[in-house]
Amino acid sequence: MKIEQIKLFEIKMPLVHFFETSFGRTYERNIILVRVTDSDGAEGWGEVTCGESPGYSEEWTGSAWATIDKILAPLVLGREVDSAGDIAGLMKWARGNRMAKSGIETACWDLEAKKLGLPLWRHLGGVNRTIESGVSIGIQDSVPALLALIEREVSAGYKRIKIKISPRWDYDVLEEVRREFPDIPLMADANSAYTLADIDKLKSFDEFGLMMLEQPLAYDDIIDHAKLQAEIETPVCLDEPIKSAEDARKAIELASGRIINLKNGRVGGHTESKKVEAICRESNIPVWCGGMLESGIGRAHNIAISTLAGYTMPGDVSASKRYWHEDIISPEVSVSENGTIDAPDAPGIGFELNHALIQKLTIRNTVI
């Protein structure tokens, strides 16, 4: 494989419904799409999953665009490698910037799978074509509004409900949710909104029988999370601090949590995701695929990686219509009435792109 051209598109997509976390409220997404073209003229597509501001991670749309344009693309262009799995190594010189790297790296996996005539999920080593889908619900304006959304998603068949919490929206909300839905698989995502000073409150969540409490403490911490996990019954799920297979190994050794949310962008792409999945599977630590409000391209990559054996819990890979009035892929991602998604059989990511819509939504582009 030799990549000869990289084209970036920044698209602006309005959300069907605002999405609020402890970071703030999002009404629309600015998303960077990456198209790579090799020396044979074949192409693959990836997505940079960072947000519009550096709230979730240090990366944001503006920084990722400049980093790919000025630093990462020159490291990749014209370099011959044996496989897509070698692309990440070409960018190793640049520290961090994993979401920007993932945009290029996943596009190369898509390209290679297409040239081989294989569905991407099979090319990655997936074993479970059918994956279970969960749904993530942001902080709402009121508890009744939240309960209505949960009812809608439960009726749609989703296998797990995740709700965002914060110090102003936690115990009383969970209590109301459990009163209304005593038996649903339920988890809470804190997005680093608490500290060990809140341990009594976090302990109180044990009474709700949560599947997990996701990233309650600092975004870069695995030490205090180990102290917290030793004090509470609810499994702690780690998100932001797991940026590599080495991070996963250390967190497992420290017993910082019992579950890991694995996001392609956060670890730098499919190659590193496969390494994290392997370490967790060998250690009996379940993983699941987290979401970053992706467009259809990022969603397709999430479906593919979620077919690996270690992804044993429902992920945040839900239907396109939950987020977008119209997605940029065809067919759009849909979820069965049983809360499942089947990975496609077509080569690569397995979906056609709606190029006319991409062009309409594009606010800038560049060719490198």
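**Exercise 1.** Find which element gives the largest share of the lining of the second largest cavity, and how many residues it gives.

*Solution.* The largest share of this lining comes from α12, with three residues, where helices (H or I, at least four residues) and strands (E, at least two) are DSSP runs numbered from the N terminus. The model is a predicted one, in which local features need pLDDT of at least 70 and side-chain atom pairs count only at pLDDT 80 or more, while totals for chains, interfaces and linings use all residues. Residues are numbered from 1 along each chain as its sequence is written, and side-chain values use heavy atoms, with hydrogens and water left out.

A cavity is a set of points, on a 1 Å grid over the protein atoms alone, where a 1.4 Å probe fits but cannot get out, and its lining residues have an atom within 4 Å of a point. The residues that line the second largest cavity include Leu120, Trp121, Ala300, Ile303 and Ala304. The elements that give two or more residues to this lining are α4 (120-123) and α12.

**Exercise 2.** Compare the classes of residue in the linings of the largest cavity and the second largest cavity.

*Solution.* Ala, Val, Leu, Ile, Met, Phe, Trp, Tyr, Cys and Pro count as nonpolar, Asp, Glu, Lys and Arg as charged, and the others, Gly among them, as polar. The lining of the largest cavity, which includes Glu47, Glu294 and His301, has no nonpolar, seven polar and two charged residues. The lining of the second largest cavity, by contrast, has eight nonpolar, one polar and no charged residues.

Definitions and conventions
On a 1 Å grid over the protein atoms alone, a cavity is a set of points where a 1.4 Å probe fits but cannot get out, and a pocket is an open set with protein on both sides within 12 Å along at least five of seven lines; lining residues have an atom within 4 Å of a point.
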